[in-house]
Amino acid sequence: MQKRITLFCALLLASIWAYGQNVSISGTVKDAKGESLPGVSVRLKGTDAGVATDVNGAFSISAPANSTLTFSFIGFATQEQPVGGRTEINVILAEGNKELNEVIVVGYGTQRKGDITGAVSVVGKKDLDQRPNTQIGNLIEGKTAGVQVVSPSGSPSATLSIKVRGTNSINAGSNPLYVIDGVPTQDTRSLNPADVESISVLKDASSAAIYGAQGANGVVLITTKRGSTAKPKVELSAYAGVSSVRKKMDVLNADQYRELATSLGYTTDWTQYTANTDWQDEIFRTGASQNYQVAVSGKNEGTTYYLSGGWTDQKGVIESFLMRRANFKVNLDQKVNNWLTLGTNIAYTRYNDVSITDNTNVNGGGVLLGALTTPPNIGIMNPNGTYTSNPFQQWENPLASLYGSTRPYKNQRLLGNAYGEIKFTKDLKFRSSLGLDYINAVSDYFLDPYLTSYGRQNNGIARNETNLTNYWISDNTLTYTKKLGKHNFTVLGGFVAQKYRYENTYIQTTGFSGNNIPTTNAGSVIGSAYNNKSEKFNTSAIGRINYDYAGKYLFTANFRADASSVFGPNKRWGYFPSFSAGWRLSEENFLKDVTFINDLKLRAGFGIVGNDQISNSNYYSYLGGVSSSANYIIGGNIQPGNYPSSIENRNLKWEETKQTNIGIDLTLFNNRLTFSADAYIKDTKDLLQMFPVPRSTGFDYALKNIGNLRNKGLEFMISAKNIDGKDFTWSTDFNISINRNNVTALYGQQYFLNTISGRSEVSLVTEGQPLGLFYGYQYAGVDPQTGNALYLDKNGNKTSSVNADTDRRIIGNPNPDFIYGLTNSFNYKNFGLNIFLQGSQGNDIFNATRIETEGMTGPQNQSTAVLRRWTTPGQVTDIPKASVNNTDNSRISSRFVENGSYLRVKTVTLSYSFPKAIASKLKLGNIRIYATGENLFTFTKYAGYDPEVNAFTSGSAANTNGGFGIDYGTYPQTRNFIFGLNASF
């Protein structure tokens, strides 16, 4: 027994001695592609002892023979290797959090997502493929925090306005800068969404400052598809759909209208008007859409290519509306040799539409309000073939607006660039690019001289307008990238030059003898004609430094100097720096062993950006203007002459925005839960305004940089892989944005915007308040004795006699408390279901449509709400009495302010991907069929057609920025059902 104990002790001591002996271990760490990984942490498990791999991915460490080494690197799965007495250990790390390793497009380059220090959101291929659509803006809506899509109309041809972290201006543009494959633009309507690979939104100044004077409203970088497979890939996609309006409005029928008109004193021989026309049925129809796309792509022997062609045909839910678009796209990259690469990105678009007039009343040609206010007692056509009109005024029925005129719009666009890239060394490269955006647009209009009363009055009207836009940009950048152990540097510097030229011609003629030649040259009288040209030139110097230490400490600095020809010579140059930093706490030792945290990063940034989006008419505003006049009397005779029309301002410059952003990115539970939050403050100063100047100057106003506003807010984004099984997966994406806007200084100025139907203005921009508040009287009900509308005066007393100067007040706020989007994606074997909800909470809508349909001031038809109108003394009701040619009972007031909050089932897509076996039998690689419903359900208390309304946001900049949330006969968002097919081989 003693011998056995002695032997056991000897073996135990030997093993302890062996474990305690360190061995020298060396090796390399590479990724799955065989590329070396510098900066990988190699630690002795259970201790703080460790080293990092060098620039070649090599390491050397001393460790006990029976210990375990832990290999970790940001973006890769942590791996453990038992030493087991080995002296050489070579490791291949697999990607862990693929999102962190995703390469995303940033200004003038790319960056690994995990190294981003600014506020950048990405809408990727997965999101883009879920929803077939014809406009890029619709695909962004609700998909990322901090971005609000504002549409003046639900028309498929409407130009969408995108607000990134609120509105930054009053009189300048507030849309972001769009950059399509490196070419800046302000118009994305002609871009085919099927060609888009990804969209990066640069939301804060630290990420957008590289665009300097163009970056104050955010930057949207759109990258189109390129070849990715060695074998040529052919992709086919097609879809067809139908659309309809969500609801109809209740208006008076023929008998009810006749009774109302008679009570208002309108009399006629009613036996001539016996129809009972439902004008909403006449203008609305089932819309139809179809889209076809074919693309060929590939990548081999140094050549990467993508070629596509697409066709879209869309008929709107309102009669006569039509939109057609043909797209052709070529992306080509050729590696000529190991130091030279050449490439081009070219897109050609032919676009045409026949639009309809909305957002105005019937006498302005508004089709929606025409359908609601045209008397039902009349038919569509008179016996002589002309359109009918209101029996008591020459306002024709809405079909006259749709078919009494022809109004084609045609647009041809060439957008693209060509580039060359020279690689001097593996670390140093030079890139030169020349981009162009050429647009030729023609708008024609012909009002038949017979069909309508206005046409007969003018013997026909013809208009022709051409708009030619010619833009070019030259980028030249030098980039140096270097890795020194754990230190990683990227330095970029360059010069940019760009020129924009705009030409516009317009002519209107009348006096047509017939309708056989519907062009301006057939008119005998020139009513008006003009021509104008404008241009601006910018030159810039740019620079950026990216640095990180072991993926743990991150730093980015941008700088841009811009000079613009449209601003005064004393302030022509602007300087726009930014700085941002990131700290990846998950790489610190105190969090290394917290296994449920995969990534934790703090971000902070500050930057200055500018806004040069001023209208063409203001391109030369810093100069003193001169106008001509024929009213000078010299020697008793009227003589032509000139006079100063505007005062010179050589200090005029761009508006400037300073923004501070802090954020956090967190990934948990084996990359199954991702959370991101940002807080920001944006202060914009030097707002462009017409400001009073001393009378001694000889002028009343001058364009100056004066005024400030602030946006501040919070953004949250959450992504979760709820279930990640073999046959079934469920993922959720949620984002919510909170923005508060405030005009902090206007120095006594106020803006009253958007006059409604001959009444007062409804929108107010004033110091100390958010942009675009509703302004009017506080409605206080109906006087039971007189039937007159009552309002509160400045002292809070009810009265029907109010003072416009003292009794008007803020009556509503169109700015939402928050906006949000929620996406749930389910996959079971080959089936997929995607449900996308989008909403807005806390915003008001001014329903100006109700002023037209409840005002009872003339012979227009009204809504059924007027059946509750006051008619006898003592009657208690909420609708005042009818009052001919008197707007006192339908003033701009809180009576027409409604809750605009909504939750919308934006899209539901059910898809099925055929098994590979079936696809291969059909000689195809993949086959997917799907059905999509858009705007299926809308939960809202708003009484109008649709809660997404912004009637006046397509006019002047002031109206766009300060006049949203108004419904005035707006083309509604439609409910769509789409059936499609995707196939590839």
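Predicted model: local features only at pLDDT ≥ 70, side-chain atom pairs only at ≥ 80, totals over all residues.
Figure 1. Side-chain values use heavy atoms, leaving out hydrogens and water. The patch covers about 830 Å², and among its members are Val 296, Leu 332, Tyr 438, Trp 472 and Phe 537. Patch residues have over 30% relative accessible area and no salt bridge, with nonpolar side chains (Val, Leu, Ile, Met, Phe, Trp, Tyr) joined within 5 Å; the areas come from the Shrake-Rupley method with a 1.4 Å probe, and for residues only the protein chains shown count as cover. β20 (322-335) and β24 (428-447) each supply at least two of the residues. Leu 436 is found in β24, and at 33% relative accessibility Leu 436 counts as partly exposed (buried is under 20% relative accessible area, exposed over 50%, partly exposed in between).

Figure 2. Asp 181 has a phi of about 50° and is found in the loop between β13 (177-180) and β14 (183-185). Asn 754, with a phi of about 65°, lies in strand β39 (residues 751-755). Both count as buried: Asp 181 because its relative accessibility is 14%, and Asn 754 because its own is 9%.

Figure 3. Take Lys 536 and Asp 612, whose closest N and O atoms are 3.7 Å apart. Lys 536 lies in strand β27 (residues 525-549) and Asp 612 in the loop between β30 (597-611) and β31 (626-634), so this bridge ties together parts 76 residues apart in sequence. Both Lys 536 and Asp 612 are buried. Then there's Arg 710 with Asp 683, at 2.6 Å between the closest N and O atoms. That pair links distant parts of the chain, 27 residues apart: Arg 710 in strand β37 (residues 708-724) and Asp 683 in strand β34 (residues 673-685). Arg 710 is partly exposed at 31%, and Asp 683 is partly exposed at 29%. Elsewhere, salt bridges that share partners join Glu 141, Arg 904, Lys 906, Asp 946 and Glu 948 into one network.

Figure 4. The structure holds 30 aromatic pairs (rings of Phe, Tyr and Trp, its six-membered ring, with centres within 6.5 Å; planes under 30 degrees apart are stacked, over 60 edge-to-face, the rest tilted). Tyr 779 and Tyr 791 make an edge-to-face pair, 6.0 Å centre to centre with 65° between the planes. Tyr 779 lies in strand β42 (residues 778-782) and Tyr 791 in strand β43 (residues 789-792), so the pair ties together parts twelve residues apart in sequence. Both Tyr 779 and Tyr 791 are buried. Ring pairs also link Tyr 257, Tyr 266, Trp 270 and Phe 392 into a cluster. As for charges, the charged end of Lys 143 sits over the ring of Phe 836, 4.2 Å from its centre (NZ of Lys or CZ of Arg within 6 Å of the ring centre and within 35 degrees of the ring normal). Arg 891 lies over the face of Tyr 777, at 5.5 Å from the ring centre.

Definitions and conventions: Residues numbered from 1 in each chain as written. Helix = DSSP H or I, 4+ residues; strand = E, 2+ residues; numbered from the N terminus. Buried < 20%, exposed > 50% of the residue type's maximum accessible area, 1.4 Å probe, protein only. Patch = residues over 30% accessible without salt bridge, like charges linked within 9 Å, V, L, I, M, F, W, Y side chains within 5 Å. Salt bridge = Lys/Arg side-chain N within 4 Å of Asp/Glu carboxyl O.
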